[in-house]
Amino acid sequence: MSDPRRFAATPLAATPEAPEGLTATVLRQLVHRASLAETFLTGMTSGEPGHFTVFAEWPRAHQLHVSPDRSSYEPLLVAETARQAGTLLAHTAYDVPLGHQFVLMEVRIRALTERLALRRTPAEPVLHITVTDVDHRGARPAGFRYEAEIRLDGEPVATAEMAANWTSEAAYRRLRGGRTAATVSPLPAPAGLPPADVDRPLPADVVLAPSDHPDRWRLRVDTAHAVFFDHPLDHVPGMLLLEATRQAVRARTTGDRRTPVSFHALFHRYTELDQPAWIEAFDKTGAHGGDMQVVGQQGEATVFECEVGTVGG
């Protein structure tokens, strides 16, 4: 059987048999997606060691990553695209087997939101990626850190920096103590905040539920959500936690409606599906309207924390 990784080596438009301008997504397994609609990457080329160019296409309509008024792309689309790019690189450039499990450790993105307006056709961003550090376990790579500059029509629109590691399925099972998507029983999703409070049009996309404190919410996890749980998982995915961060900022600033444009998240441990988790937001500097800090707690542990830069208000 041919190696499926080779199909992601170059953009389809660059192959001799493809008509000019014809593109297709990379194999969805290479970006850990089950749905083609959630696969944003279309190809990759490599240059000097550690330097790569990744090609993508952003849909004009998306359940989460397009603004509610359908005028612009959301900054977290940058995070998901950069996440997919790292997964693609790991499998194609660093020979990580397809069955390995990935753990997102750190995400840092900044978007120039004024340059993310929707166009008449789907946007085709280009990610210029530099792998800055590779961790090894013995002779094999076990994780890396990379930086990406994202451009549209040659103009920079965002930057991203990510760190991730990976492990074999057997090692992951040991790490998780036998917890799998099939054996974990998720808690029922509580009723969420009003969608308008978090700038979402659909109740199904609300990931925060009220608590007895105005700046603290229970994390609302719906494992039937088509984007966050595109495939079964045994824990809460990092992208859902980033969306919870976005919604916490929106809920915290309902009066002046500040817009998150940068995120710096550290993921300290798995957020479990069968235990309640709580999200808290506060002004980082103590001044109203300043940059914010969002923290996720489960039991006595901090599972993640995120600094958020905002504009507007």
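Predicted model: local features only at pLDDT ≥ 70, side-chain atom pairs only at ≥ 80, totals over all residues.
## Strand pairing around E4

Strand E4 spans residues 126-137 and pairs with strand E2, residues 51-56, in the antiparallel sense. The pairing of E2 with E4 runs over 5 bridges. Phe55 has Val126 of E4 as its bridge partner.

E4 also pairs with strand E5, residues 140-152, again in the antiparallel sense, here over 11 bridges. Within this pairing, Arg145 in E5 stands opposite Asp133.

## The E4-E5 hairpin

E4 and E5 form a hairpin, and 2 residues lie between the two strands. The turn contains Gly138, whose phi is positive at about 70°.

## The largest pocket

The largest pocket has a volume of about 1,200 Å³. Its lining comprises 47 residues, of which Gln101, Phe102, His231, Leu233 and His235 are the closest to the pocket centre.

E3 gives the most, with 5 residues.

## Composition of the lining

By residue class, the lining of the largest pocket has 24 nonpolar, 14 polar and 9 charged residues.

Notes:
Residues numbered from 1 in each chain as written. Heavy atoms only, no water. Pairing = 2+ DSSP bridges. Helix = DSSP H or I, 4+ residues; strand = E, 2+ residues; numbered from the N terminus. 1 Å grid on protein atoms, 1.4 Å probe; cavity = no way out; pocket = protein on both sides within 12 Å on 5 of 7 lines; lining within 4 Å. Points joined across faces, edges and corners; volume = space filled by probe spheres on them. Nonpolar A, V, L, I, M, F, W, Y, C, P; charged D, E, K, R; others polar.
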